[in-house]
Amino acid sequence: MKENGPAHFLSIGTITVSFFLFASLLLLPLNFISLLEAWEKKVQIILYLKDGVGEKRTIQLAGELHREEGIREARYISQRMAMESFQRDLAGYGGVLKGLKAETFPASFEITIKERFRTPGRIRSLAARLSKIKEVEEVQYGGLWLERFSLFLYTLRWGAWILGGILVVIIVSVTANTVRLTLYNKRGEIEIMKLVGATDAFVKLPFYLEGGLQGLLGAGGSILLLFVLFHFFSLKVAPYVSLYFGQLRLSFLPPNLIAWILGIGVASGLLGGLLSLRKPARI
Amino acid sequence: MVSSLLEVKTHPHEGVHTGSPMIQFFQVYKTYPGNITALTNISFKIEKGEFVFVTGPSGAGKTTLLKLIIRVERPDQGEILVNKRNVGRLRNSQVPFLRREVGFVFQDFKLLNNKAVYDNIALVLRAFGHKKREIPKRVRQVLRVVGLEDWVLKQPPLKLSGGEQQRVAIARALLNTPAIILADEPTGNLDPGLTMEIMDLLEKVNALGTTVVVATHDTTLVAQYKKRTIPLYRGAVVDKG
């Protein structure tokens, strides 16, 4: 590779940038998923009841809710408890809140959901079932934005793989052209080696290895670059982000994904070498 | 054979003809794209252990003839037998093994100028699958056969004289103890003194039983060495040797 240094440097640089984009797009959903999971744990369904639901019916409702599939706990919040909670939350405005009556606040059930039911689809379907209860005035849950966020992540993940496919084509083409350039520079050497009786395999092997090595170095470089940036983000930026979004549990690409990226790098490089040697010098 | 040249120090003596054919051309025709006729109806036989000149002016077809022997080119018509192999019908995968039986010496030496002399020879040995530990000994041995000392090992070819470069090229051609040496204008770039040295070296190789075919346009050289000639003119044999 040293005979054709600048071209190899450019080629490895291009592969590094390409794989960096790909790996970043894989890393983002990975961390957004952990954020999503943290938010899903906090998701509650609140059933606001109509006025005038009696105590006996409320107890019956609590039982029915406990028996409902997917509900872990259903805590009843009476009109008085709602008012007291409201007054506690807005204690600084004491004078203004003095005239409030408990009847102003609707009674409700705060429902926490079993872990395996905390997916956007299941939360939506549970909320839909609960809204059909005659005594329920309104159902509130933070599921709609969770659903949209989940869809966004799904799109991002597929986008990463589609972009990855496009990048692989670019990488193969870049590697093939660099190997072709080396092939051109070494055509004299190849001609001599073939004339003295070197086999095709002996002549071609260094070019395959060169392609594979370029792919490996490019992919490895991208992982290293991403890791450095990720480390910087974890140390310097994440603490500020946590102030707004709560504790962030950041994670880097798992080893198997890194192995895949390196493998794709080597395979693309080898394919590039293979394509450049499709029509070897006819000697 | 060259093997004995590599292993035992011997003195040159008369080439040994065994009578068995080493190279045979049967009505061979070769035309290049653009309808350029290179060879027309070429037939000849070169025996094992013979030293033969292929002569003729530039464009007579000498290089094409040598290229056909090592299957760089294929004939359009006719058959070529080299050491009992039908070269035209050889599978591509078999061509490298044919070339290992035929050492080729070029006018422009065709050495790798960005590599030392040692690497020029060692690379070929690696291509032939020699064991790594045997290579240094073998390189020194073959260079001594062509009269070069160890000091050349680390030199790039361009630091050597034309004669020394051609000796390295001949050493490379002898590496696999070939049955045939083909030399295409091997003295074309050399002065008369060095020409004699290289020709004497080729005679020495021939004297040990290797068939030697030298393509040259140098009529003085041909007259001096008194070997059989295959004279070519415009792609045809004008007078069978």
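This is a predicted model: local features need pLDDT of at least 70, side-chain atom pairs count only at pLDDT 80 or more; totals for chains, interfaces and linings use all residues.
**View 1**
The side chain of K62(B) comes to 2.8 Å from the backbone oxygen of G56(B).

**View 2. Helix α2 of chain B, a mostly covered helix.**
Of the 8 residues in α2(B), 6 are buried. These buried residues are K62(B), T64(B), L65(B), L66(B), L68(B) and I69(B). R71(B) follows α2(B) and has a positive phi, near 60°.

**View 3. Helix α5 of chain B and its buried residues.**
Helix α5 of chain B covers residues 135–145. Within this helix, I135(B), R138(B), V139(B), V142(B), L143(B) and V145(B) are buried. Viewed down the axis of α5(B), the buried residues lie within an arc of 155°, so they line one face of the helix. G147(B) follows α5(B), and the phi of G147(B) is positive, near 85°.

**View 4. The contact between chain B and chain A.**
Chain B contributes 19 residues to the contact, and chain A contributes 14 residues. About 1500 Å² of area is buried between chain B and chain A, with carbon and sulfur atoms giving 64% of this area. Between the two chains, 2 residue pairs are in polar contact, with both residues at pLDDT 80 or more. Helices α3 (95–100) and α4 (117–127) of chain B each provide at least two residues of the side of chain B that touches chain A. That side of chain B consists of 11 nonpolar, 1 polar and 7 charged residues.

**View 5. A salt bridge between K110(B) and E191(A).**
Across the interface of chain B and chain A, 2 salt bridges are found. One of them joins K110(B) to E191(A), and the closest N and O atoms of this pair are 3.8 Å apart.

Methods: Residues are numbered from 1 along each chain as its sequence is written. Chains are lettered from A and ligands numbered from 1 in the order in which they are written. Side-chain values use heavy atoms; hydrogens and water are left out. A polar contact is a pair of N or O atoms within 3.5 Å; within protein, one must be able to donate a hydrogen and the other to accept it, and residues adjacent in sequence count only if both atoms are side-chain atoms. Contact means heavy atoms within 4.5 Å. Buried area is the accessible area (1.4 Å probe) that two parts lose on being put together, summed over both. A salt bridge is a side-chain nitrogen of Lys or Arg within 4 Å of a carboxyl oxygen of Asp or Glu. Helices (H or I, at least four residues) and strands (E, at least two) are DSSP runs, numbered from the N terminus. Ala, Val, Leu, Ile, Met, Phe, Trp, Tyr, Cys and Pro count as nonpolar, Asp, Glu, Lys and Arg as charged, and the others, Gly among them, as polar. Buried means under 20% relative accessible area, exposed over 50%, partly exposed in between (1.4 Å probe, protein chains only). The arc is that of the directions from the helix axis to the C-beta atoms.
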